[in-house]
Amino acid sequence: MTKTKEHAVSRRAFVKGSALAGLGAATLGTGTLFACSPQAESAKDDAANTEAVEEQIVWTHCAVNCGSTCALQCHVADGEIKYIESDNTGSAEMDQPQLRACLRGRSLRRWLQSPDRLNYPMKRVGKRGEDKFEQISWDEAVDTIASELKRIRETYGDESITVHYSSGVSSGLMGSSVVNRLINLNGGCLNYYGTYSSAHISAAGTYTYGGGTYGSSFLTLQDNQLVVMFGNSPADTRMGGAGHTHDFAWMREEKNLEVINIDCRMNDTVCGQGGEWIPIRPGTDGALCAALAYEIINNGWADEEFLHTYCVGYDEETMPESAKGQNKSFKDYILGTGYDLTPKTPEWAASITLIPAAKIKELAEKIGTTKPVYICQGYGSQRHANGEITSRAIMVLPQLVGQIGLPGTSDGRREGRSAFALSSFPAGENPVKTNLPTFMWPEAIRRGEELTALNAGVQKAEKLSSSIKFIFNYAGNTLTNQHSDINGTHDLLQDESLCEFIVTSEVFMTDSAKYSDIIIPDLTLQEQYSLSANGYADNMEAIVYGSPVYEPKFERRGIYEVCTDIADKLGIKDEFTDGGKTREDWLRQILDESREKYPELPDWDTGMAQGVWKRTPEPLIGLKAFIDDPAGNPLKTPSGKIEIYSETLAGFADTWELADDEVVSPIPEFDPGFESYVSLTDEYPLLICGFHYKAHTHSSYANNEIIQAAAQHVAWVNPVDAEQRKIKDGDTIRVFNDRGEIRIEAKVTPRVIPGTVAIPQGMWHDADMSGDRVDHGGNINTLTIYRPSPLAKANPQHSNIGQIAKA
């Protein structure tokens, strides 16, 4: 196969003999700043005769799970990145957007070149979690991984092996799919479905619309229209020019939008950008939606022609035969003629949500009488114990007013996205079909053989055949840091009689890596060839071509090369490499396949030179084809229509094994869920809720001190709650509950609703796990509950109670 020469997109010469260059050389440690001695004079003469030092500009991109995939131009000299620019191609207009990186991507130099990088393979010599390792050779690392994989597969079966959920490398075509290819060719492994980000809304979309998490794009927004957002802040979660924050900010200004943002925090999408913040108690969005529906129906604002044409379950007329004549419709539930005989009035909702009844009525009137109206939700509202049913409740609002499938509307899901469809790296087919909800993996370690379709959401099998015994953790920090109840998970993973072998491929010694038996030092995506489509944006479709910024350092190796060696030990190297392909060979092949369908794409050499290729997509209107022709374009629901009432969920409610405080309902009723406002006590009177923060993407970049200095990690505390506890802004506080305790600085601010403490998720756990276990890193997952939600069996990491006190 053809190998690629190094690309020098542009160069700048620094003549070392000049005064300015002398200053630069001194800064780089290659010369003397002031020539005051014979030795210095000699060095000056030598420098004057030295050839120009060349600086290459190497294109690459950010790869973490913010969803943006922003482009980076790395200025490289002497094998190091000197500084980073982002995308400056084209203009900054909406039709020619730039994939500009946020402060996280722009700080990549310090992250890549950190002295804390992992440099050598290591094996554990202490207990898991103790951070005791010794350096080993690559031969020993590869031999151990291959032999343990073979032993465990032969002893316990294919379902005992899993490739762990991860998102540290979310952009690029050759991330965890490389590990999946290796494992699939070797016999397969237990599958997962759902993600920590969006499992609830994904389930809601499945049972309401037949699948999908995304609705209409922001590009469809019209002049002077209303936008209502639940638990959604693109400015926090989709930062950068390649993300939705740019799209929405531009459309808001260009179209003069009226924006209403419903959240427990005044987030950055509404703060300083106009619009209205409606504070809401966490986990009660469903109650608000029920009260809004009450007002919309009672005031005649419901579009019943739309509901009777496109929906199942709104009223008695649209109920399926199995549920007719039983007052089980959504309308019955809302008006108080359903099972609980409680009208869902604004006054009823006010005591639950802490939103005044008058404000609920005002919002209902705006939604009911304004056309078009764009209603969407982020992932904040759904990451609760009642997340699936809440997400469905939000989706009902545009259904009620017939604002779906038209310009300027959406269907209540997340804002739409547009990305270029590159061919993918072939992970191959997994011989194992059994599917487990992602968040259930600790239970699959603890008691895998007891997990069934009825008690754990197992799919494509009645039950698991084995507990998890082998974990391949690639670029993931969800073994502990990003998973719930870190203290409980620590105890689980320390028991080597349960999961017998864990291998982690990482670039830093993360908290999760400390629980590994073997650690292999990975190359970052920027240190390898890459191709990536753009991320979560709707104003562009783009491809970023990435070249290695420099040669690999120390004994770091890319995951494809490591898996090739493991495959060799397992006797499947030729199959794994498809006859000897390198990483670059695969990427060239994928690009060539994509160019057969899209010949306008730049070829390999051209793309690597220019870095970014873009085109402007058409606005996306969710469900338009269905609304235009419901018979010709039915949804993938059992009825082919929008299902406000789901017979599938009714069946689950009748047959699944659920706790007394768990609800799976055929209609989107309000249920507070476990560990909610109804769980508050004198001991733990506060709700503890997480949020995404600009200083890191989950835990990626959280160890980059320059960003933490720019955007400090603090707990948001309302002045009312602070005053009661004599806490002042800047104080170090204890945040604690039955699961653990953290120390963190308090930010006393009215930008969070009283009764709730909001803490950014993702900071690195820092506790003496053999001592008091107090986390001085301020990681909210020391406090979060590990209990899967009722329907999706997903993470309820925003549903927590606790207390705060001055440290």
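Predicted model: local features only at pLDDT ≥ 70, side-chain atom pairs only at ≥ 80, totals over all residues.
Q: Okay, let's talk salt bridges. How many does a search of the whole structure find?
A: The search turns up 43 salt bridges.

Q: Which residue does Arg751 meet in a salt bridge?
A: That would be Asp268, with the two side chains 3.0 Å apart, N to O.

Q: Is Arg751 buried or exposed?
A: Arg751 is buried, at 18% relative accessible area.

Q: What about Lys344, which residue is its salt-bridge partner?
A: Asp340, and the closest N and O atoms of the pair are 3.0 Å apart.

Q: Where in the helix are they?
A: Both are in helix α14 (residues 357-369), 3 residues apart, which puts about one helical turn between them. Lys359 counts as partly exposed at 23% relative accessibility, and Glu362 also counts as partly exposed, at 34%.

Q: Which residues are linked in a network of salt bridges?
A: Arg124, Arg128, Glu496 and Asp517 are linked that way.

Q: Switching to sheets. What's the strand order in the open sheet of 4 strands?
A: It runs β11-β10-β9-β13, and the pairing is parallel.

Q: Which strands stand at the edges?
A: β11 and β13 (373-377) do; each has a single partner strand, so one side of each is left without a neighbour in the sheet.

Q: What does the twist average from one strand to the next?
A: The average is 15°.

Q: How many bridges are there between β10 and β11?
A: There are 4 bridges, and the two strands pair in the parallel sense. In that region, Asp263 stands opposite Pro279 in β11.

Q: New topic: how many residues of helix α7 are buried?
A: In α7 (residues 199-209), 9 of the 11 residues are buried, so the helix is largely enclosed by the rest of the structure. Among them are His200, Ile201, Tyr207 and Tyr209.

Q: What do those buried residues pack against?
A: They pack against β13, α15 (387-400), β21 (642-643) and α24 (647-655). So β13, an edge strand of the sheet, turns up again here.

Q: What follows α7?
A: Gly210 does, and its phi is positive, near 90°.

Q: Now a few single residues. Where is Ser646?
A: Ser646 is in the loop between β21 and α24. It's buried, with 0% relative accessible area.

Q: What does the side chain of Ser646 reach?
A: It reaches the backbone nitrogen of Leu649, at 3.1 Å. Setting aside neighbours within four places in sequence, Ser646 is in contact with Tyr207 and Pro666. Tyr207 is one of the buried residues of α7.

Q: Which helix holds Ile389?
A: Ile389 lies in α15, and it's buried at 8% relative accessible area.

Q: How far is Ile389 from Pro668 in sequence and in space?
A: The two are 279 residues apart in sequence and 5.3 Å apart in space, C-alpha to C-alpha. Not counting residues up to four places away in sequence, Ile389 touches Val663, Ser665, Ile667, Pro668 and Glu669.

Q: Last one: is His244 buried or exposed?
A: His244 counts as buried, at 1% relative accessibility. Its place is in helix α9 (residues 244-255). Leaving aside neighbours within four places in sequence, its contacts include Phe218, Arg238, Glu415 and Tyr536.

Technical notes
Residues numbered from 1 in each chain as written. Heavy atoms only, no water. Salt bridge = Lys/Arg side-chain N within 4 Å of Asp/Glu carboxyl O. Buried < 20%, exposed > 50% of the residue type's maximum accessible area, 1.4 Å probe, protein only. Pairing = 2+ DSSP bridges. Axes fitted to C-alpha atoms, helices over the stretch in contact; angles between N-to-C directions. Contact = heavy atoms within 4.5 Å. Polar contact = N/O pair within 3.5 Å; in protein donor to acceptor, adjacent residues only side chain to side chain.
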